[in-house]
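Here is a quick briefing for anyone opening this structure for the first time. Have a look at the sequence and the model, then read on.

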Amino acid sequence: MSDGRVRPMQSDELDAVTAMMQSLWPAAGDYDFSDERVFVWEERDQGLGGFISFSIRPWAEGCESTPVPYIEGLWVAPHLRKSGVATRLVAAVEEWCVQNGYRELGSDVEIGNETSLKMHASLGFEPTLRLQFFRKILALGLRDRDVTRRRGARGEDREE
Ligand SMILES: CC(C)(COP(=O)(O)OP(=O)(O)OC[C@H]1O[C@@H](n2cnc3c(N)ncnc32)[C@H](O)[C@@H]1OP(=O)(O)O)[C@@H](O)C(=O)NCCC(=O)NCCS
């Protein structure tokens, strides 16, 4: 077991937690986690070595209760992995949830993330739905097209 403790993030740790979030989601830029609760792993006599963030979602795929707490982010520094840090972070969230009257905790994992899939199974999470996300790049939004057409027909330069 790594030598440290789990505790809630403090307000002066925003930059340190944002840096860890950017390690987890490099493409996310300045991720806004103001609606989430964050617990951190504090290494003894050192800085932060991991975090877990969760939100209270109105509902979540595969969960039965509403609203339902949901793990949004979980990351442990590479040098601390496989020493029980994520286990302690998840346990802290579970404890908060139970103390606050929730009986379910949702989470998700990318299909290729074998380590996290194993971790979830090991920590007692049951698999529910498997989803394929989609997106479509929109060249010109419908609203913009309408405005352009109206301007062209009337020769006016105002938006309705
Ligand atoms: C996934 C991650 C959070 C696990 O953190 P961790 O502190 O190493 O996890 P723990 O030491 O508490 O391990 C808990 C369980 O996870 C599983 N596990 C963890 N690392 C594993 C690995 N490299 N290979 C296989 N199983 C692993 C084990 O079942 C382990 O239980 P056990 O020790 O009783 O066998 C960490 O690897 C990480 O930050 N990865 C990159 C970011 C990420 O994928 N986050 C999750 C997004 S959903």
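Where is the place of Glu110? Glu110 sits in the loop between α2 and α3. Keep in mind that this is a predicted model. Its secondary structure comes to four helices and four strands, and along the sequence they follow the pattern β-α-β-β-β-α-α-α.

**The big picture**

- Of the 160 residues in the protein, 21% are buried.
- Take the contacts with a separation of 6 or more: 56% of them are between residues 24 or more positions apart.

**The sheet**

- The four strands make an open sheet in the order β1-β2-β3-β4, and the pairing is antiparallel.
- β1 (4–8) and β4 stand at the edges with a single partner strand each, so one side of each has no neighbour in the sheet.
- On average, neighbouring strands of this sheet are turned by 20 degrees against each other, if you ignore direction.
- As a bit of background, strands of a sheet pair through backbone hydrogen bonds, either parallel or antiparallel.
- β2 and β3 are an antiparallel pair with six bridges.
- Two spots to look for in that pair: Arg37 has Phe54 in β3 as its bridge partner, and Phe39 stands opposite Ile52 in β3.
- β3 and β4 also pair in the antiparallel sense, over eight bridges.
- Ile52 turns up again here, standing opposite Leu74 in β4.

**Helices against the sheet**

- α1 lies across β2, β3 and β4, and runs at about 85 degrees to β4.
- α2 lies across β1, β2, β3 and β4, and its run is at about 30 degrees to β3.

**The nonpolar core**

- The largest nonpolar core has 24 residues, and those with the most contacts inside it are Phe39, Phe51, Ile52, Ile71, Ala86, Leu89 and Val93.
- Five elements, namely α1 (14–24), β2, β3, β4 and α2, each supply at least two residues of this core.
- β4 gives the largest share of the core, with six residues.

**Around the ligand**

- The ligand is surrounded by 18 residues, and the closest are Arg81, Ala86, Thr87, Met119 and Ser122.
- β4, α2 and α3 (114–122) each supply at least two residues of the shell around the ligand.
- α3 provides the largest share of that shell, with five residues.
- By type, the shell divides into eight nonpolar, seven polar and three charged residues.

**Loops and backbone details**

- The peptide bond from Thr66 to Pro67 is cis, with omega near -10 degrees.
- You'll find Pro67 in the loop between β3 (48–57) and β4 (68–76).
- Asp45 has a positive phi of about 60 degrees, although it is not a glycine.
- That residue belongs to a hairpin: β2 and β3 have four residues between them, and Asp45 is in the turn.
- Is Asp45 buried or exposed? Asp45 is exposed, because there are 7 other C-beta atoms within 10 Å, and 12 or fewer counts as exposed.
- Lys82 is another residue with a positive phi of about 60 degrees although it is not a glycine.
- Look for Lys82 in the loop between β4 and α2 (85–99).
- Lys82 counts as exposed too, because it has 11 C-beta neighbours inside 10 Å.

**Back to Glu110**

- Glu110, in the loop between α2 and α3, is exposed, because 9 other C-beta atoms lie within 10 Å.
- Glu110 and Leu131 are 21 residues apart in sequence, and their C-alpha atoms are 9.9 Å apart in space.

Terms used. Residues numbered from 1 in each chain as written. Predicted model: local features only at pLDDT ≥ 70, side-chain atom pairs only at ≥ 80, totals over all residues. Buried ≥ 20, exposed ≤ 12 C-beta atoms within 10 Å, placed from the backbone. Pairing = 2+ DSSP bridges. Contact = placed C-beta atoms within 7 Å. Core = buried A, V, L, I, M, F, W, Y, C linked by C-beta atoms within 7 Å. Near = placed C-beta within 6 Å. Nonpolar A, V, L, I, M, F, W, Y, C, P; charged D, E, K, R; others polar. Axes fitted to C-alpha atoms, helices over the stretch in contact; angles between N-to-C directions.
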